[in-house]
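Here is a short report on one protein model.

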Amino acid sequence: MAVEISSLQQAYRSRFLDLRGGLNNSLVDEMIADNELSDVRNLLPDIHQSGVLIKREGIVKKSSQMSEAISSVFCGKNADYFTTLTTIRSLSGSSLDASLTSKTAPDWASFDDASLGMLDVFVNGAEERRTTDGSSWADVGGSPPNFKYISSYNRFLFGGGHDTGHLRWSAVENSASWPAINEIIVNDDITGLVWYGRSLIMFCENSFHHITGTDENGMSITHSNTEVGCASHRSIVVTPFGLFWWSNRGMIWSPDGFKVSNPMLSVIPQTYASLKESRFSLVHGIFNPRLNCVSMWATTSSASTEDMRIDYFPEEINSQREGGSSRYGSFWLSNGDGAEMAASGIVTESGEDVIYVGGTGSAPYLYTQTGENDDGTTILAYLETKRETAQLGEDITKRVKNIDLLFILSGASSLSYGIYVDDGMDIEQSWDFTLTSIGSFILDVSALDSAVLGSGKGPVRQRVGYNRKWRKLKHRLFDSTAFQTRFRGLINTGKVIHG
């Protein structure tokens, strides 16, 4: 980019060739970094291609249709499961246990019992069920309390949520024995449990605590944090980057289980303000190991179900942003059919991590997260850039001559491009055009190996002319095709006509 003016009629070129900074609505759209976006939906950074964005994956039906809401997905040791309000089911939809009390947010754990072997254990605040074979189910045994939350830790099974602040654990390697003395009490309501590092972390409404020990009578609280609590146990996600969970102030990140930060409030506070706090207890999340990102499903203020997916990429450090906020990664928002989900989970199938999501409503399906559309419905994706001045300043009058749109395509695409001029809040002009991917873009030869050289994934440049004076410009790209179109960038060329 030109950074200073030497004379009138100076040519300039402003480039947006890296849009992977993600959404930033903590600043006005003139102050965000060049690679950040003032608005974005249904796009993600392609971590395998520098600077490239790709439309998010869609969803494909996995199960038969259910008659009630889906409430959890669990990768067990004996089998893989999902639940509705009253049933435990296989991933195909077959009912395995239909004796549950209607609950919206159950919890799961796997536990090695000395006499029974490996158990998959389910709790929901009313029933505690276990299986050793993935199909036959029985009560846990030993008359444990009606736990809402459960986790294994070392050789013990821990449960909480049955009584305010009370944490219980089993006898060693014995899920059917719950000695009354095996208890820790805190002055805060327990909201989730997870084994992380050397400790069991007990989340509460306004705090979290590390429980550490290897002996049945030697469990103790070794660390407490009263800065922030957890609103939803289904949002607790263990990742290579640390722990993530949802609090009453949005998504929390702890890189070591001790220190905490809130990148959401630092980068996308307007998004947080648009969410419905009354449904924070139903936020659910996963870590996507293929993309190295955390996904949280939340509810916007105008909806009644989880209709917004917030993707956070911890590694996408924004080198173009200055100051302390540069340590935060990038945020991306998704909506549409593929984001309206009541439950999510990662299941390992043939060595591959597969994302499963459960639909909302009274007649949902279980889906896998894959494909180019949402169960046949086209995914609508768009991005809006910062309001840019070509680094010549907003007091300098410029004239656009050409705007070049760069894409990497996986098929023919009909795309729309619009432009905001100066301080305008509405699109001043837009263009619709169809792009066809280049078939033989290497040496213009397709016969050598059509599967590679003619694969149709070459860069495509679309030029539009716009002979318009301006001081500031903001660009919008909109894609409603059935392809996972890849966006490479924008180039804006013109001349200075007044300094």
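## Charges over rings

A charge sits over a ring if NZ of Lys or CZ of Arg is within 6 Å of the ring centre and within 35 degrees of the ring normal. In this predicted model, Lys474 meets that definition with Tyr420. The charged end of Lys474 is 5.2 Å from the centre of the Tyr420 ring.

Arg476 does likewise with Tyr382. Here the charged end of Arg476 lies over the ring, 4.4 Å from the centre.

## Overall build

The protein has two helices and 39 strands. Its radius of gyration is 26 Å, close to the 23 Å that the globule rule gives for 499 residues, so the protein is as compact as a globular protein of that length.

Along the principal axes, the C-alpha atoms fill a box of roughly 85 × 50 × 40 Å. Of the 499 residues, 56% count as buried.

## Aromatic pairs

A pair of aromatic rings is described by the distance of the centres and the angle of the planes. The structure holds 25 such pairs. One of them joins Tyr153 and Phe158: the ring centres are 5.9 Å apart and the planes meet at 65°, so the pair is edge-to-face. The cut-off for that class is an angle over 60 degrees. Both Tyr153 and Phe158 are buried.

Tyr312 and Phe331 form a tilted pair. Their centres are 4.4 Å apart, with 35° between the planes. This pair links distant parts of the chain, 19 residues apart. Tyr312 belongs to strand S28 (residues 308–313), and Phe331 to strand S29 (residues 330–334). Tyr312 has a relative accessible area of 0% and is buried. Phe331 is also at 0% relative accessibility, so Phe331 counts as buried.

## An aromatic cluster

Some aromatic residues group together. Phe74, Tyr81, Trp108, Phe122 and Trp137 make up one aromatic cluster.

Which residues make the nonpolar surface patch of about 290 Å²? They are Leu27, Val28 and Met31.

Take Met31 from that patch. Met31 lies in the loop between strand S2 (22–23) and strand S3 (36–41). Is Met31 buried or exposed? Its relative accessible area is 57%, so Met31 is exposed. The cut-off for exposed is over 50%.

Note on methods: Residues are numbered from 1 along each chain as its sequence is written. This is a predicted model: local features need pLDDT of at least 70, side-chain atom pairs count only at pLDDT 80 or more; totals for chains, interfaces and linings use all residues. Side-chain values use heavy atoms; hydrogens and water are left out. Rings of Phe, Tyr and Trp (its six-membered ring) pair if their centres lie within 6.5 Å; planes under 30 degrees apart count as stacked, over 60 as edge-to-face and the rest as tilted. Buried means under 20% relative accessible area, exposed over 50%, partly exposed in between (1.4 Å probe, protein chains only). Helices (H or I, at least four residues) and strands (E, at least two) are DSSP runs, numbered from the N terminus. Patches are made of residues with over 30% relative accessible area and no salt bridge: like charges are joined within 9 Å, nonpolar side chains (Val, Leu, Ile, Met, Phe, Trp, Tyr) within 5 Å. Accessible areas come from the Shrake-Rupley method with a 1.4 Å probe; for residues, only the protein chains shown count as cover. A salt bridge is a side-chain nitrogen of Lys or Arg within 4 Å of a carboxyl oxygen of Asp or Glu. The radius of gyration is taken over C-alpha atoms; the globule rule is 2.2 Å times the number of residues to the power 0.38.
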